[in-house]
There are 2 protein chains.
Amino acid sequence: MEDCLFCKIIKGELPGNFVYQGKEIVAFKDTHPSAPVHVLIVPKKHFADLLDAEKEDQALLGEIQLLAAELAKQLKIDKAFKVLVNNGRGAGQAIFHLHYHLLGGWKS
Amino acid sequence: MEDCLFCKIIKGELPGNFVYQGKEIVAFKDTHPSAPVHVLIVPKKHFADLLDAEKEDQALLGEIQLLAAELAKQLKIDKAFKVLVNNGRGAGQAIFHLHYHLLGGWKS
């Protein structure tokens with residue numbers, strides 16, 4: 001989508017610190033991390049938010065969840081991590097391209 | 001799973017304030033809400049956490065995400081809501097049966 005920051009990162013028009021680049025999903029580090037490890041898991045397909053997803057997107061949404069667990073292992077935060085989606089400005093969503101926050105790395 | 005609080009709620013052996021009861025997923029109100037609306041979306045199948053899910057569970061995990069959006073609409077919190085999974089004790093997981101928190105209803 002034009003003028004979408006995440007679409008531009010996905011297309012390589014803006015830089016992203018990628019930790020995963022798959023066929024339908026990418027993951028890159030949040031530039032303003034709110035945890036020691038803070039990665040955004042982002043479908044390449046543009047959705048404004050979760051309300052924008054439909055039945056046909058079910059497999060993609062499931063893949064994001066499995067990928068979150070896989071990345072948690074790769075990033076060595078699998079002992080304690082959160083997967084979070086903020087939906088709507090009032091819930092803290094700042095970029096209106098669906099993305100899941102993978103957060104971890106806190107000292108235990 | 002024996003001695004699992006959420007399995008007991010799913011089986012009706014313990015009370016739950018259900019907002020949704022589907023074939024594979026249920027949703028019930030959190031007894032200690034941390035937002036004005038706080039619902040737990042729980043697969044009937046017992047997973048300790050997201051790390052316990054496998055490729056064959058992809059559709060189920062996707063269905064949970066779509067259901068979160070649907071319940072947000074039904075509960076009239078679709079303008080602003082969060083969907084969160086805490087994975088591991090250090091991330092705040094207290095019940096070791098995979099569950100997604102649907103949070104919303106904050107005053108705007």
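A:Lys76 is exposed in this predicted model, with a relative accessible area of 72%. The residue sits in the loop that connects α2 (58–74) to β4 (81–87) of chain A. B:Lys76 counts as exposed because its relative accessibility is 71%, and exposure requires a value over 50%. The table sets out the two lysines.

| Residue | Relative accessible area | Class |
|---|---|---|
| A:Lys76 | 72% | exposed |
| B:Lys76 | 71% | exposed |

**Chain A as a whole**

Chain A contains two helices and five strands, and their order along the sequence is α-β-β-β-α-β-β. The C-alpha trace of chain A spans about 40 × 30 × 30 Å along its principal axes. The radius of gyration of chain A is 13 Å, which agrees with the value near 13 Å that a compact globule of 108 residues would have. Of the 108 residues in chain A, 50% count as buried. Among contacts between residues at least 6 apart in sequence, 53% join residues that are at least 24 apart.

The accessible surface of chain A comes to about 5,500 Å², and carbon and sulfur atoms contribute 51% of that area. The chain carries 13 positive and 13 negative side chains. The centres of these two sets lie 10 Å apart.

**Strand β3 of chain B**

How many residues of strand β3 (residues 37–43) of chain B are buried? Seven of its seven residues are buried, and the strand is described as mostly covered. B:Val37, B:Val39, B:Ile41 and B:Pro43 point one way from β3(B), while B:His38, B:Leu40 and B:Val42 point the other way. Both groups are buried.

β3(B) has pairing partners in β2 and β5 of chain B. With strand β2 (residues 25–29) of chain B, β3(B) pairs in the antiparallel sense over five bridges. Within this pairing, B:Ile25 has B:Pro43 in β3(B) as its bridge partner. Strand β5 (residues 100–104) of chain B is also joined to β3(B) by five bridges, and these two strands run antiparallel. Here B:His38 has B:Leu103 in β5(B) as its bridge partner.

Definitions and conventions:
Residues numbered from 1 in each chain as written. Chains lettered and ligands numbered in written order. Predicted model: local features only at pLDDT ≥ 70, side-chain atom pairs only at ≥ 80, totals over all residues. Heavy atoms only, no water. Helix = DSSP H or I, 4+ residues; strand = E, 2+ residues; numbered from the N terminus. Rg over C-alpha atoms; globule rule 2.2 N^0.38 Å. Buried < 20%, exposed > 50% of the residue type's maximum accessible area, 1.4 Å probe, protein only. Contact = heavy atoms within 4.5 Å. Areas by Shrake-Rupley, 256 points an atom, 1.4 Å probe, with all protein chains shown as cover. Lys, Arg positive; Asp, Glu negative; His and termini not counted. Charge placed at Lys NZ, Arg CZ, Asp CG, Glu CD. Pairing = 2+ DSSP bridges.
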